[in-house]
Every structure is written in structure tokens, then in C-alpha cells.
Amino acid sequence: MQDLRDVMPLADAAGRLAMPAAKLRGRIRAGELAARRQAGRWMVPVSEVRRLEGLPRPEGRPYSPEAAWAMLTMLSGHPVALAPPRRSQLRRHLRERGIDELAGRLRRRASRRPGFVHPSKLDALASDPRTVVTGWAGAEQVGAPLRSTQSEPTEVYVHQPDLEALLVDYAVADAVEVANVVLQVVADRLVIPQQQGTATAPVVGLDLLESGDPRGRQAGHGMFADAVAAFRER
């Protein structure tokens, strides 16, 4: 059972984040923030509040999932199937917008679903062909100066149609404070840039930047900034 000392009412979380409660509820609905309903009100884990405290807060609306993945695909050096005007518009954003603005506006690319998997099944879940490894679990593979530890949840992307089967196959239980896995759920039609089951460096960097760990945020910011700089030099 979750320890209530590790959660706070939505109103308190909104005050700590200096954010209107309605906006925070919108983030819960969008899958950007993991929270639970208890006795008819939203309770937000302290770990999620800490994670949001470290995220960039740019002006401007978040990019749609389609636009976000198209831009991340461009940053990864992969071809993008878009109409030329739309492709030019997104390329212009990548060339002209600041790093923090881009990172902040890319946040709606997936819906977060923290969970708990028996530790003996984590490696199998990460290597399952239906998942794409990212975050701390993918850092070493893309050359990040980090090493995954057991204290960090295994983070993977999964397409929506595969989600229910994965939950059953690996007996994934809903969890937040005791989560050892984070499923980032993406619409089926969207392409996740990857190489051999691991997300590309810009994606891994962005997920590290959004983690609640200061080392992860610092390394992720650098990786994402490097990807943007490389794109602008092409």
C-alpha cells in the first residue's frame, strides 16, 4: 500500500509548483503526470512533484505527439514522411528555438505509466521487441556519461496497441512510489527513432532531462543540446 506521507493533495502540489490546479489536472489527463485518486481527490506523489520542478517551462503550447516525434526523428538524422511545408516549419523551429523551449514543448510525445514488475522480469521486458529502451536504461548504449543503477526505473516506450498484452505478459502492477518501470505509451501510427531496440540519443537525452535525478537532468540536457547543435550544422 502506498505511504500517504509520500503523496500530497493536488492543491498543495500546484502551490509548490507555482502552477494553477486546473493546469496540473490537465497534465494528469494528458499523461504527463502520474497521480492517484484517493477518497475522491487527486493525490500527487512527491517524486512526481520533484520531477516536474526540474523541467523547463517555456512559453508556447506543447507540440502535438505527431510534431514531437517528427522533430525527434529529424534530430536523429532519420528521414521524415511529412508534407514539405510542414517539414520546413518544424525544421525552422529546431533551428531557431532555444534548447529549453524545445525540450519543454516536446513533453507531450507520450503518456507516462509507472508500474512495478518483478525484478527477475525487467531484463526481458527491456529486450522485448515491443519495447524501445530509453532514459537511464538506454544511457550507456547511446554514449551518455551515466550508468544505470537499480535505483532508477527501467524506462521503455511502447505503442498503445501493445500495452495491454505487455501488462499481462509481465504482470505489471500500477505503482508510483515503488515503480521500477515506466512505460511511455505512444500512439500506434507514430515512429520512435531507435537503433537495435534503444531510442536514439536525442530521445534518451530528453527522457533523462525529464527525470527527477539531477545527474540525469544535467546529462540529458547536454545530450539534447548536442543533438540540436549537430542538426543546425548539417
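I'll start with two helices. The axes of α4 and helix α11, residues 214-233, come within 9 Å and cross at roughly 75°. That makes α4 roughly perpendicular to α11. Keep in mind that this is a predicted model, so every value I quote is computed from it.

Which residues meet where α4 and α11 come together? On the α4 side they are Leu-72, Met-74 and Leu-75. On the α11 side they are Phe-224, Ala-227, Val-228 and Phe-231. As background, an α-helix has 3.6 residues a turn, so residues three or four places apart point the same way.

Trp-69 sits in helix α4, residues 65-75, and Tyr-157 in strand β6, residues 154-159.

The cut-off here is under 20% relative accessible area.

One other ring to mention is that of Tyr-63. The charged end of Arg-105 sits over this ring, 4.4 Å from its centre.

Now the sheet with β1, β2 and β3. It is an open sheet of 3 strands in the order β1-β3-β2, and the pairing is antiparallel. Why is one side of β1 and of β2 left without a neighbour in the sheet? Both stand at the edges, β1 at 7-9 and β2 at 36-38, and each has a single partner strand, so one side of each has no neighbour there. Neighbouring strands of this sheet are turned by 45° against each other on average, direction ignored.

Taking the pairings one at a time, β1 and β3 run antiparallel and are joined by 3 bridges. Here Met-8 has Val-44 in β3 as its bridge partner. β2 pairs with β3, residues 41-45, in the antiparallel sense, over 3 bridges. Arg-36 stands opposite Met-43 in β3.

β2 and β3 also form a hairpin, with 2 residues between them. In that turn Ala-39 has a positive phi of about 55°.

What lies across β1 and β3? That is helix α3, residues 46-53, which runs at about 65° to β3.

Next, the pairings of β4. Strand β4, residues 111-116, is joined to strand β8, residues 181-186, by 5 bridges, and these strands run antiparallel. Pro-114 stands opposite Val-182 in β8. β4 is also joined to strand β7, residues 173-174, by 2 bridges, again antiparallel. In β7 the bridge partner of Phe-116 is Ala-173.

Last, helix α10, residues 201-209. How many of the 9 residues of this helix are buried? The number is 8, so α10 is largely enclosed by the rest of the structure. Among the buried residues are Pro-202, Val-203, Val-204 and Gly-205. Leu-206, Asp-207, Leu-208 and Leu-209 are buried as well.

That is the end of my part.

Note on methods. Residues are numbered from 1 along each chain as its sequence is written. This is a predicted model: local features need pLDDT of at least 70, side-chain atom pairs count only at pLDDT 80 or more; totals for chains, interfaces and linings use all residues. Side-chain values use heavy atoms; hydrogens and water are left out. Two strands pair if DSSP finds at least two bridges between them. Helices (H or I, at least four residues) and strands (E, at least two) are DSSP runs, numbered from the N terminus. Axes are lines fitted to C-alpha atoms, for helices over the stretch in contact, and angles run from 0 to 180 degrees between N-to-C directions. Contact means heavy atoms within 4.5 Å. Buried means under 20% relative accessible area, exposed over 50%, partly exposed in between (1.4 Å probe, protein chains only). A charge sits over a ring if NZ of Lys or CZ of Arg is within 6 Å of the ring centre and within 35 degrees of the ring normal. Angles under 35 degrees count as roughly parallel, over 145 as roughly antiparallel, 65 to 115 as roughly perpendicular and the rest as oblique.
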